Every structure is written in C-alpha cells, then in structure tokens.
Amino acid sequence: MDHLPIFLDIRDRKVVVDGGGTSAARRVERALSAGAEVTVFDPAPEEELRRLIGHKHLTHVARVPQDGDFDGCLIAYGASEDEVRDRFLHQAAKSAGALVNVADVKPLCDFITPSVVDRSPVTIAISTGGAAPIVARILRARIEALLPTGYGRLAEFLSGLRGRIEARVDGGRARRRFWERMIEGPIGDAVLTGDEDRASHLIDQALDRQDAEQGGVWLIGTGSGDPELLTFRALGAMQRADVVFHDGSASPELLALTRRDAERRVTISNSLDIVSNLAQNGQRVVCLLPGDAVSDPSVKSQFARLAAAGVEAHLIPGVQSDGMSARADGKVVTLAAPASRPDDHAMSLAPRQSL
C-alpha cells in the first residue's frame, strides 16, 4: 500500500482550486459536497465551472493565484493544465502548509483523489495509487451497480440509535453483534424497503429480549490457499470472527480477509481445548485449515469432539486450484495444483499435529 487511506473533515475549511476546466469543476464539486469553503482561481472559467459560480460557499477570483492566496488553506488543487501555474501552486501552497494535489502530475501530489461511490453517509473510495486510474473507475462502476442507494438511508437511520444501544447493550462485542443482526436481518430489510416504523418496532423487540451471546467454531478449509477461491460462506465467517487460528502457513493476503480487529493465533498442541473454551464463552472462532478439510478424517474427529462438548460447530470445505481455461486460440490449458507436501492433508489446527 503506497498511500494511507484516510477521510479528511474539511467542513468550513479553506480549499483552493486553480483552473477553469472540467478537472477543476470536479474538484470544486467534491470539496463543496464535503462542506468546504472553496476559492477557485481562473481568469476565464469554462461552462461547467461557471454553473457552479454563485454557490454560497464558492468564491471565484478571475485571475491566477498569487503569493498570499494560500494562507489558511488546508488543501490546494492544481487543475489548470499549465505547467508554470501548477509548479507555482505547488510551491506556494506547500509554503503555506497546505496539502497539494496537481492533476495528473504525481510528483506534485501529497495525496491522490480516489474514485468514489457516494451513498452518503456511506462513502467508498477506490484507488490504485495512481498506477491505473481506469481500473479504479471500472471497479467503482461495478460497486455502484451492486450497492443499493438505500444503504445511505440505512446508515442515517441507524446513526440515531447509537446512544440508545450503548445504554441498553453492555460490552463492545455484544454491541457489535447486535448491530450485525440489525443490519443483516429483518431490521435492515425493513429500512431498505422504506418501512422505518416496522424497523423501529423490531428494534424495540430485539432490545427487550436480548439473548446471551452465542459462540461457535467454524472449521474452514482454505483449499490451495488462494484467497480468490474462498467460498462466500467462508468469507462471511472469517469477517465475523473474534479469534482466528491458523497453522502459520496462511498467507498475509488470506489473513487480511479476516475481521481486522480479530485476534490471530498460531495453533499449538492443545488448541482444540482452547478453541472449545473460547466458543463456550461466547467467542466466534475461525480455524483456517489447509486443503479441503471436509474429507479429512482428523478434521471430522475434531468436529465431532466439538459437537460432543456442546459447541456449535460448522465445517466449511475449501476449493482446490485444479481447473481448466480456454485461450483465445482455442487451446485448453490445465491449471495444475501446487505439488502436495506429505502433510498437506493432515488438516489439524496445528502444524503436523492434532489439536
């Protein structure tokens, strides 16, 4: 990751844009939508930018910027497509302590502008670090098609419940699970269909009959270890886990798909007892197992032991990398799986040993 992804609060802060064309207009629009006080410099702005002039938070100055124009500025955008103006803006704005972005001139950028999916207050930013902006735009289009506009309304509805839920539901883990049940269950469905009265009624019911936290264990086969071959069911369990066990061979890319604040542990000789105790104390435990998992006798034995101890247990198979693909010339290419190691199918929760 070449850039730190952050969201800046620029409400009521000064933003300077230099330029009069489409690129400048886009930057002005984005800054205004985030509540900034925007000053745009250009002696002859084009039509798109002229349509924005008159906005109560936009000041147009009909000249190029000068020294002193950047005092108190938080962000400065260079969008003039004039190398001399861009370099002046970069130097003057940096001297004033501003963050600078010059369109399409990466060496003159403190930050990059991502492609954005806006479902306010839900915002998704997509970036390739400036390497391939077209990829970011394609991904944005796909996410736009997949993400209903109602998710913004859902976020607005739920934002008014935070204080109430914090007062009624004790503990961070219990609150997180309560939120998950609301968003992924009938309450979220009711909001997305516009029935907020029903959603409020369901929330009252859920708060009145809070159930004890239910833990469980998910034994997940990781197949060949390729993160792109995980099933949706496996991915969902990994992203809801409180604790993740793995044998040390799991790739960083695979572990990155687990919930960011989940605890990660490398398995040891008595891990099955530890896993069982965690689940019985309300934790959701994921165990990442190399290979298929379902067909391995040792994993089936571990699954049976968990069930016998009264632990809710789930066994999710992994997907191997064997497959076929057709090239444009019509030839069929077989994709061979990586060479097996002697212990590839031991599938215990500890390297070369059972739990």
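On a 1 Å grid over the protein atoms alone, a cavity is a set of points where a 1.4 Å probe fits but cannot get out, while a pocket is an open set with protein on both sides within 12 Å along at least five of seven lines; residues count as lining if they have an atom within 4 Å of a point. Grid points are joined across faces, edges and corners, and a volume is the space filled by probe spheres set on the points. The model here is predicted, so local features need pLDDT of at least 70 and side-chain atom pairs count only at pLDDT 80 or more, whereas totals for chains, interfaces and linings use all residues. Residues are numbered from 1 along each chain as its sequence is written, and side-chain values use heavy atoms, with hydrogens and water left out.

The structure holds two cavities of 30 Å³ or more. The largest cavity has about 40 Å³ of space, and its lining includes Gly-221, Thr-222, Leu-229, Ala-234 and Pro-317. Sorted by class, that lining has five nonpolar, five polar and no charged residues. Here Ala, Val, Leu, Ile, Met, Phe, Trp, Tyr, Cys and Pro count as nonpolar, Asp, Glu, Lys and Arg as charged, and the others, Gly among them, as polar. In the second largest cavity there is about 30 Å³ of space, lined by Trp-218, Ala-237, Arg-240, Ala-241 and Arg-284. Its lining has three nonpolar, no polar and two charged residues.

Now for the open spaces. About 1,200 Å³ lies in the largest pocket. Of the 33 residues that line the largest pocket, Ile-6, Phe-7, Leu-8, Pro-114 and Ala-125 are the closest to its centre. Helix H1 (22-33), S4, S6 and strand S7 (122-126) each supply at least two lining residues; helices (H or I, at least four residues) and strands (E, at least two) are DSSP runs, numbered from the N terminus. The lining of the largest pocket has 20 nonpolar, seven polar and six charged residues.

The second largest pocket has about 780 Å³ of space. Among its 28 lining residues, the closest to the centre are Arg-27, Thr-113, Pro-114, Pro-133 and Arg-137. H1 gives the most to this lining, with six residues. By class, the lining of the second largest pocket divides into 11 nonpolar, nine polar and eight charged residues.

Next come the aromatic rings. The structure holds one aromatic pair. Tyr-77 and Phe-111 have ring centres 5.8 Å apart and planes at 75 degrees, so the pair is edge-to-face. Rings of Phe, Tyr and Trp (its six-membered ring) pair if their centres lie within 6.5 Å, and planes under 30 degrees apart count as stacked, over 60 as edge-to-face and the rest as tilted. Tyr-77 lies in strand S4 (residues 73-78) and Phe-111 in the loop between strand S5 (99-102) and strand S6 (115-119), so the pair ties together parts that are 34 residues apart in sequence. Tyr-77 is buried, with a relative accessible area of 10%; buried means under 20%, exposed over 50% and partly exposed in between (1.4 Å probe, protein chains only).

Ser-200, in helix H9 (residues 196-208), is partly exposed, with a relative accessible area of 31%.

Finally, the whole chain: there are 13 helices and 14 strands, and buried residues make up 41% of its 355 residues.
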